[in-house]
Amino acid sequence: MTTYSKVYPPYQLNTFQECPVKWDYGKRWKPQPGQNSAAMLLAGMLGNALSVGLAEFLSSTEEEPVRRGRACDLAVEYALSHWTPEMTSKSKIQAGTMAVGATNIGTKTLLPLKEILAVEQFVGRVIRPDVVGRDFEGNLAVLDHKFKANLDDRYFDKELRRYNNSNQFLEYAWLVGQEYGEPVNVVYVHIVVLNPLPQTIIHRVLTPQARIDHWLKGARTDWFVMQAIETGNTDASPRYTSCETPNFGPCHFNDACHVLHGDESTFAAAGYEVTR
């Protein structure tokens, strides 16, 4: 029987499923300068700032106004210290203002949990869910915060469908269920939106055991190949159908494949930087 000795975090599984070569290059090389979208970089940083603020709000035992103020302070501190010149879509001050606005809104959401068991605690050294708790029916549940600078009606349904099939939430449900010894049948997505209308949305992603088991068949196969690549037992293969995406344009390693043809001895001269 094959033993799957390593479990990878969902963000790595996402990249591998998009393209094994992209995942493999990303462990050694940074993308060429200018190939990260300014808006994507900013959104990722602000999502982290929101998580920092809400972790403080949900962990503290002080009065709600005090917790909210402290949460907003930590969020803006994070945004100001992690803003970089590559995030050209917004200035540092604008980024700080957005972090405060998102955190303030997020602290006012009525979360679907009657009890919080853990806030940003690692599970199995692989994942760190924003919140693990019990919903109002007493069932074990996971809640994850998401930040959206813009989400208008044209893309609303598409965004929610994207969460329904997320590796992140299925892996959260699986590993948290294993850690606590009981099933996680739902993951709640707490979406904080700034524009065009400031609002929060609670979206339920159903994760019954049968669905998790079916997802695990594919995930375990991919983890096996990922480990084989890391240990030098097989090579990463390019997936040319993922070289261009409708929303984000060409892959960050487009030149590495299509100009340099995978010859890593030429990557540095072409502008790729070593990650470690």
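Predicted model: local features only at pLDDT ≥ 70, side-chain atom pairs only at ≥ 80, totals over all residues.
Let's start with the overall fold. The protein chain holds nine helices and nine strands. Its radius of gyration is 20 Å, close to the 19 Å from the globule rule for 276 residues, so the chain is as compact as a globular protein of that length. The C-alpha trace spans about 60 × 50 × 35 Å along its principal axes. Of the 276 residues, 44% count as buried. Among contacts between residues at least 6 apart in sequence, 67% join residues at least 24 apart. The chain exposes about 14,800 Å², and carbon and sulfur atoms supply 51% of that area.

Now for the charges. There are 27 positive and 31 negative side chains, and the centres of the two sets lie 1 Å apart. Side chains of opposite charge can pair when their charged atoms come close. Across the whole structure, a search finds 12 salt bridges.

One of them brings us back to Glu230, which pairs with Lys6 at 2.9 Å between the closest N and O atoms. This pair links distant parts of the chain: Lys6 sits in the segment before α1 (10-18), Glu230 in helix α8 (residues 209-230), and they are 224 residues apart. Lys6 is partly exposed too, at 33% relative accessible area.

Asp144, which meets Lys146 at 3.4 Å (N to O), is buried, with a relative accessible area of 3%. Asp152 and Arg154 meet at 2.9 Å; Asp152 is partly exposed at 24%, while Arg154 is exposed at 65%. Finally, Asp24, Lys27, Arg28 and Glu264 are linked in a network of salt bridges.

Terms used:
Residues numbered from 1 in each chain as written. Heavy atoms only, no water. Helix = DSSP H or I, 4+ residues; strand = E, 2+ residues; numbered from the N terminus. Rg over C-alpha atoms; globule rule 2.2 N^0.38 Å. Buried < 20%, exposed > 50% of the residue type's maximum accessible area, 1.4 Å probe, protein only. Contact = heavy atoms within 4.5 Å. Areas by Shrake-Rupley, 256 points an atom, 1.4 Å probe, with all protein chains shown as cover. Lys, Arg positive; Asp, Glu negative; His and termini not counted. Charge placed at Lys NZ, Arg CZ, Asp CG, Glu CD. Salt bridge = Lys/Arg side-chain N within 4 Å of Asp/Glu carboxyl O.
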